[in-house]
Amino acid sequence: MPFDIDMIKAHYDALPKKIEAVRKELGRPLTLSEKILYTHLHEESPLQNYNRGKDYVFFAPDRVAMQDATAQMALLQFMMAGRDKVAVPSTVHCDHLIQAEVGADKDLAVANDVNKEVYDFLASVSNKYGIGFWKPGAGIIHQIVLENYAFPGGMMIGTDSHTPNGGGLGMVAIGVGGADAVDVMAGMPWELKMPKLIGVKLTGKMSGWTSSKDVILKVAGILTVKGGTGAIVEYFGEGAQSLSCTGKGTICNMGAEIGATTSTFGYDEAMSRYLRATDRAEVADLADQVQEHLTGDAECYANPEQYFDQVIEIDLSTLEPHINGPYTPDLAWPISKFAEAVEENNYPPELEVGLIGSCTNSSYEDLDRAASLAKQAVAKKLKVKSEFTVTPGSEQIRYTVNRDGQLKAFEEMGGVVLANACGPCIGQWARHTDDPDRANSIITSFNRNFSKRNDGNPQTRAFVASPELVTAMAISGSMKFNPLTDTLINEDGEEVKLDPPTGVELPPKGFAVEDAGFIAPMKDGSGIDVKVKEDSDRLQLLDPFKPLTQDQVTKMRVWVKAKGKCTTDHISMAGPWLKYRGHLENISNNCYIGAVNAFNGETNKILNVETGEYGAAPDVATYYRDNGIGSVVFGEENLGEGSSREHAAMEPRFLGVHAVIVKSFARIHETNLKKQGMLALTFVNPDDYDKVRQDDYVSIPDFKDFAPGKNLTIVLDHSDGTQDKFEVAHTYNQAQIDWVNAGSALNKIRQELTA
Ligand code: MIC
Ligand code: SF4
């Protein structure tokens, strides 16, 4: 029986009437995104035509998913909200904390041991509050959600930026910070600015080396890491229908890299096949009955310019395989230009490691196609030149590809199969190397490639590509290899060429698994006592934050002025720090250590203006805080790009940062800052960034008049006695200003639930 079938049935039963009402109110044909958004309005937001990109709207998502690295903080907050049970179906997935070193079995055993305290905590909180628990080894959150929970036309939020993966099954699935998850689990309305709509029309049909991944690599090149901000990307057209469901999932998953709120596809045959293959024929049958409501109206797709804010067209028949990177996912190179790019940019020409799998690309189809190349390598007597690893997305996938021989093919070509977890994708990778500082190249089928992300080495150039391409490149060992045109020399000295990959969408013998790894919560968990040890260095109960005062935002110090790219990985690094995700005080020791200091070009070297000495970023902030001095972060474009981790907001809050002032924000990070009761502000004139000096005092004299739509003033008192004054904008509405006034959104919920 599919999970939560009653909820899904009730949604589909009510759908035709709801859509009719929406169509009447808006008076025009509807895109899929609008159908999903408007049929999930919370009762506090009446049905009316909301302005895209302007109006804040309350939604009632159907479900919540959390992964272990973010669930700790989300659940620590939820425990303070004062509810006995979650208000909507919710799940926790243990995937981020498993370190990849030697291979699945050993690595999992180690993880179960070193993370025991955290897993026990997550399991008991889940049990207590009625949350489904997926134990370590079960798989990566987004793959598990696609296999078990996603349903066409549904809306969900997840505490991970790649939650949009669920768009592969026609959902609006949005990545959020833990505090947003708390809203929904506590039964409160969940707020989002009505997204803009980007339509991507896919024509033609892919063949040969091209795969779904190349669609999103191409889109990332067109839109860049900021281009999707505040928008839902809706894919349509005959090309969209020709893609497998999991291929659609890959495209939606990596839409996080262009900053999109989410991405989605209309319900079609491929989704129906996938639902049936994953034991959810009942959901498919129900969806079939309301299929016209689970995709956009034909008029919208026939004249997309009228219904979308921006339209892009991609012809799959001519789309080339791409390799994107390094250091940013939007630096897109078609394979025919890549060798030249390696040459011109001096990328290390040897490919040291190829890594496939992750939540982005670990479907049966992905692994089957990649395995077809592994088999060729063996058959054609090619000795694989690079190291090669495989991370299956779930135990169900692993079990099935083990049964069907794909894993054997990878092992025969010299690959190592890692646990069903994030592993190297999130820096949980004890990489074997003779020199951890050497400049080197790796290619992954993951989605992110920020500096230091996979192995902590800033000299590693990480590129992203489809699993097929990664496999072919690993066989060659060269960054200059183009498998479409080039040949290789085999062990017998013969020249051989790889044939294009082949594979099937779904396992011909069906999926299989012995223990999927799911633990259902008790019916009544009220008797469970959740314990957090006083002296634990992994978990710490939270103390509510205190509201900001006018006094506190007067004469603050410039703590960090970040230069250039500043992602959540720069603000709160993952990898070795993941272990402190449930301990705010300990994890705050990584705060902003990766950001480049605009005053000296170095990382984690900040002048403490009060003492005149340089120190590590967290130490300087702590000094200011403990001496009653508030501090400010300044930054450039798209600050907080990447992850949903709210630690990137909670840590500065904990360290006494009152305002973050930048040229622009990434969506989730901006919301996370607001939720924690801080000031997230943007320069009205971006050049004002240049006015900020290291030893300035920063004040916000009109904070007491903080109001929606009204700019605030920043006063910089320079040490030479001169002053600069400029305006900063903000996007707080009244409810969000109330969070600031309460100290945090959570404080506000608590006030409301206990009122
Ligand atoms: C990521 O891909 O960066 C992560 C790790 O999955 C994060 C979540 C986290 O930091 O815990 C994300 O994308 O939200
Ligand atoms: Fe895990 Fe990587 Fe996917 Fe994030 S992107 S959920 S770290 S596999």
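Visitor: What should I know about the numbering and the values before I start?

Guide: Residues are numbered from 1 along each chain as its sequence is written, and chains are lettered from A and ligands numbered from 1 in the order in which they are written. In this predicted model local features need pLDDT of at least 70, side-chain atom pairs count only at pLDDT 80 or more, and totals for chains, interfaces and linings use all residues, while side-chain values use heavy atoms, with hydrogens and water left out.

Visitor: How many salt bridges does a search of the whole structure find?

Guide: Side chains of opposite charge can pair when their charged atoms come close. A salt bridge here is a side-chain nitrogen of Lys or Arg within 4 Å of a carboxyl oxygen of Asp or Glu, and the search of the whole structure finds 39 of them. A network of such bridges links Glu352, Arg431, Asp434, Arg438 and Asp455.

Visitor: Are arginine 645 and aspartate 569 buried or exposed?

Guide: Buried means under 20% relative accessible area, exposed over 50%, and partly exposed in between (1.4 Å probe, protein chains only). Both arginine 645 and aspartate 569 are buried, and their side chains meet in a salt bridge at 2.7 Å, N to O. Arginine 645 lies in the loop between strand E25 (631-635) and helix H23 (647-654), and aspartate 569 in helix H20 (residues 568-571), so the pair ties together parts that are 76 residues apart in sequence. Helices (H or I, at least four residues) and strands (E, at least two) are DSSP runs, numbered from the N terminus.

Visitor: Which residue forms a salt bridge with arginine 276?

Guide: The partner is aspartate 285, with the closest N and O atoms 3.0 Å apart; arginine 276 is partly exposed at 35%, and aspartate 285 is partly exposed at 38%.
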